[in-house]
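Okay, thanks for coming, everyone. I'd like to walk you through one model today, so let me put it on the screen.

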Amino acid sequence: MVGRRIEAVEVFEAKSFPLEPGAIVTWVEGARLTAARRRAKLLILDLDDDYSLLGHLKMTGQMVVRGAEDWGGGHPTDSLLAHLPDRSTRVAFHLDDGSRLFFNDQRKFGWITALPTADVEQLPFIAKLGPEPLDPAGFADFRRRIERHGRTSIKAAILNQEIVAGVGNIYADESLWATRLHPARPVAEGSARKLRELFTAAADVMNLSIELGGSTDRNYIDAEGRKGSYLTFARVFRRDGLPCPRCGQIIRKCRVAGRGTHYCPVCQRR
Ligand SMILES: [Zn+2]
């Protein structure tokens, strides 16, 4: 979509795009998309008028394009393939090539907003974010941040966006399995070498997930129109009752940090 101009914005649910109609007209409509990027779990679309669209999919959000090609990504619901707008559509952006970008969100926890590009990094919750796993130079910062949480379980720590950005429940379980760390172990019990391995493992799992089409399910279609398959990269997540791919022991499910947690009781001893 980069290079396209936004001709009009159609808001179906004000809560999902909480901007004054006047602001939408002056900041968003008529502007051209110059870049698409990500920080933690936020999608950022920069505009040529020095404003940016900022979006969070939260629990059920998805971004879907309908035009010469149909594609999209985000949480798996049939809206990825449906005729749009549908009941889950909250915002539609009409682009100058006749295509439309839909923000769908069944449960309405997700949001999109617009603000000056220069202010994006200053937003308190963005300024507080930890380093990105995909940036290898971020390890020292990660270590400094996580070591302040010695008594926290390692899983809760890596889900904390202020320690490391962008790791959700699936990536947490997968990277702890890869590093042979029990999810409930306190951070202080992990050596510096283990923390390094964990930071690298988070990046590896993200890269593998991207390569294999993401963590959404059968409905998933990526930016190139390829169908992804459900969690093909996962070694432990939602595999409880199945053998560990490394040692053959049966994978267990428990609750850590308030989240369903999958681990191998042999590879990841307490
Ligand atoms: Zn195992």
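Before I start, what I'm calling a salt bridge is a side-chain nitrogen of Lys or Arg within 4 Å of a carboxyl oxygen of Asp or Glu. Some housekeeping too: this is a predicted model, where local features need pLDDT of at least 70, side-chain atom pairs count only at pLDDT 80 or more, and totals for chains, interfaces and linings use all residues. Residues are numbered from 1 along each chain as its sequence is written, and side-chain values use heavy atoms, with hydrogens and water left out.

The structure holds 15 of them. Look at Arg4, which pairs with Asp96, with 2.6 Å between the closest N and O atoms. Arg4 sits in the segment before β1 (6-11) and Asp96 in the loop between β7 (89-95) and β8 (100-105), so this pair ties together parts 92 residues apart in sequence. Strands here, by the way, are DSSP E runs of at least two residues, helices are H or I runs of at least four, and both are numbered from the N terminus.

Arg4 also bridges to Asp97, at 3.9 Å between the closest N and O atoms.

Another one to click on is Asp173 with Lys155, 2.6 Å from N to O. That one links helix α6 (residues 169-179), which has Asp173, to helix α5 (residues 154-159), which has Lys155. Buried or exposed, Asp173 and Lys155? Both are buried, meaning under 20% relative accessible area, where exposed is over 50% and partly exposed is in between (1.4 Å probe, protein chains only).

Now the metal. A zinc ion is held by the SG atoms of Cys244, Cys247, Cys264 and Cys267, at 2.2 to 2.4 Å. Donors are N, O and S atoms within 2.8 Å of the metal (3.2 Å for Na, K and Ca), and water is not among the atoms, so sites may look incomplete. The 4 donor atoms subtend angles of 99 to 113°, which makes the arrangement tetrahedral; for four donors, that label asks for all angles between 85 and 135 degrees. Along the chain, the spacing reads C-x2-C-x16-C-x2-C. Cys244 comes from the loop between α7 (192-211) and β10 (252-256), while Cys264 is in the segment after β11 (259-263), 20 residues away. Cys244 and Cys264 are both buried.

That's my tour, so over to you.

Note on methods
Tetrahedral: all angles 85-135°; square planar, octahedral: opposite > 155°, others 65-115°.
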